[in-house]
Amino acid sequence: MKLDEDAGGNDVVRRVPIQRVHYVERSVEEFETEVKTLRNQVESFARNLQLSLLGGGDDADARTEEPQRIEVEDGRSSE
């Protein structure tokens, strides 16, 4: 499709392959909305994955646990 003309009067065209569309026009506002929706989906997926793998609920984030200390002995014999 013809888009414009360059300074020399030559047509500037855009090819759109039959198999797949590689070009989509949209406004900045539409793009921002799309990105925001995608971000919300990723955050929701991450939150669900975290709950599935690590368990816990709303109070799990608020708790603070002391680190556990484990005594370790040297494995070498004293002979």
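Guide: The account below turns from confidence to the salt bridges. This is a predicted model, in which local features need pLDDT of at least 70 and side-chain atom pairs count only at pLDDT 80 or more, while totals for chains, interfaces and linings use all residues. Residues are numbered from 1 along each chain as its sequence is written, and side-chain values use heavy atoms, with hydrogens and water left out.

The protein chain has a mean pLDDT (the predictor's confidence in each residue, from 0 to 100) of 79, and 81% of its residues reach 70 or more. Helices (H or I, at least four residues) and strands (E, at least two) are DSSP runs, numbered from the N terminus. Confidence is highest in helix H1, residues 28–54, with a mean of 91, and lowest in strand E1, residues 2–5, with a mean of 82.

Side chains of opposite charge can pair when their charged atoms come close. A salt bridge here is a side-chain nitrogen of Lys or Arg within 4 Å of a carboxyl oxygen of Asp or Glu, and the structure holds two of them.

One joins Glu43 to Arg39, with 3.0 Å between the closest N and O atoms. Both residues, Glu43 and Arg39, belong to helix H1 and stand four residues apart, about one turn of the helix. For accessibility, buried means under 20% relative accessible area, exposed over 50%, and partly exposed in between (1.4 Å probe, protein chains only). Arg39 is exposed at 55%, whereas Glu43 is partly exposed at 34%.

Another salt bridge links the side chains of Arg26 and Glu34, at 3.6 Å from N to O. Arg26 is partly exposed, at 38% relative accessibility, and Glu34 is partly exposed at 43%.
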